[in-house]
Structures are given as C-alpha cells and as structure tokens.
Amino acid sequence: MTGPEKIRLSLDPAITRRGAVDGAWWPATYDAGAELPALITAVDQRLNRRVLRVGLHIDTWDNIPHHIGAPGRHVKVGWFRTIDPHVINLIIPGIEHLNLLVIPPDTTPAAAHKALVMATRCRGRTRPGDILAAANQNGPADAIAEQELSLSDWDNEGGQTRQPARGDYAS
C-alpha cells in the first residue's frame, strides 16, 4: 500500500472543470482496497475538503470495496463500465467532481512523470488515453503537451476528434 506521504498525485491548481481530467494519480497496483485510502487522504489534505464518493471502471480495478474508511466517514465506492477505464472520479463538496487520470502501475517512471505533468495542463482538449500515449513518447512533457496533445481537440458536437489520432488508444 502506498502511504499518503508517498502518493504519486498531481492536481490542476485551478481545478477549473474545463478539462477531461483535473490531474493524475499513479497507483502502485490496481488493488482498489489497498490504493484508495491513501488517495482519499491525499486529496482531502491537498484540497482541504472531504472526498465523499469514488467512481471507477469495474474492469480496470481488483478488490473493489463498497466503502473505504476515512476520518469521520465512510467513502462510498461505485464501479461502472461507462466511466473511462483510465479515469477515477471523486465527488467532493464545492467542486462537484474531480476526474483523475489513472496512470497504469507498470508505467515507467519517466513516462509516469510526463503524464502527471500533462494531466494538469491539458486545458480540456485531451482524452485520458491520449495523455498516456503522448507520455510514452520521447521529449519533455511541455513540448509533447503542446505538439501532440493538440491533435486531440474535441469538436463541440459529438466528441469527435478533428484530426485522427495516431493509433487507437482506447481500451
């Protein structure tokens, strides 16, 4: 289990709700029961608010509990097939919800670092799978974010990409 002091988490400091994700999390495993307590604690501390619910993709995670114990409460955990498998959703009062890119546990440290940085800078234009794909490319995170992630602009209607992305990154 990853302790709160070692949590690998990045959050958009503005949390403007403009992007597909508001930050990223790099768990050590896909064991939800082991990983979620540290994430909830870290988000509570960083935002000075309390996570009330967690939503995740059922086929991505193992050992999914119904509730996670947190100081003064139990956080309800819901699992869905309709949520992006690369995203975890946190319901937090005053923020509505927080979507975090989930970086696969087996990601290399260099690629994970890039994804942690890019997830806070995508400005609403980038799908979670595209961030992960771009993070695996060579080059600094800022350069990749500007060049590659701009290919993933969403149309205002229907969520279709304006230009085809390289490869199919959906799972």
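**Note on the predicted model**

1. The protein chain has an average pLDDT of 80, and 74% of its residues score at least 70; pLDDT is the predictor's confidence in each residue, on a scale from 0 to 100. The model is predicted, so local features are reported at pLDDT of at least 70 and side-chain atom pairs count only at pLDDT 80 or more, while totals for chains, interfaces and linings use all residues. Residues are numbered from 1 along each chain as its sequence is written, and side-chain values use heavy atoms, with hydrogens and water left out.

2. Helices (H or I, at least four residues) and strands (E, at least two) are DSSP runs, numbered from the N terminus. Residues 1-5 have pLDDT below 50, and this stretch makes 8 contacts beyond near neighbours in sequence. Residues 144-171 also fall below 50, with 48 such contacts in the model. A contact means heavy atoms within 4.5 Å.

3. Helix α2 (residues 109-118) is largely enclosed by the rest of the structure, because 7 of its 10 residues are buried. Buried means under 20% relative accessible area, exposed over 50%, and partly exposed in between (1.4 Å probe, protein chains only). The buried residues of α2 are Ala111, Ala112, Lys114, Ala115, Leu116, Val117 and Met118.

4. The structure contains 2 aromatic pairs. In the pair of Trp25 and Trp61, the ring centres are 5.6 Å apart and the planes meet at 10°, so this pair is stacked. Rings of Phe, Tyr and Trp (its six-membered ring) pair if their centres lie within 6.5 Å; planes under 30 degrees apart count as stacked, over 60 as edge-to-face and the rest as tilted. Because Trp25 belongs to strand β2 (residues 23-25) and Trp61 to the loop between β3 (53-57) and β4 (67-70), the pair ties together parts that are 36 residues apart in sequence. Trp25 is buried, at 0% relative accessible area, and Trp61 is buried at 4%.

5. Trp61 also pairs with Tyr30, edge-to-face, at 5.3 Å centre to centre and 85° between the planes. Tyr30 lies in the loop between β2 and α1 (32-47), so this pair ties together parts 31 residues apart in sequence. Tyr30 is partly exposed, at 25% relative accessibility. Trp25, Tyr30 and Trp61 form one aromatic cluster.

6. Arg8 lies over the face of Trp26, 3.7 Å from the ring centre. A charge sits over a ring if NZ of Lys or CZ of Arg is within 6 Å of the ring centre and within 35 degrees of the ring normal.
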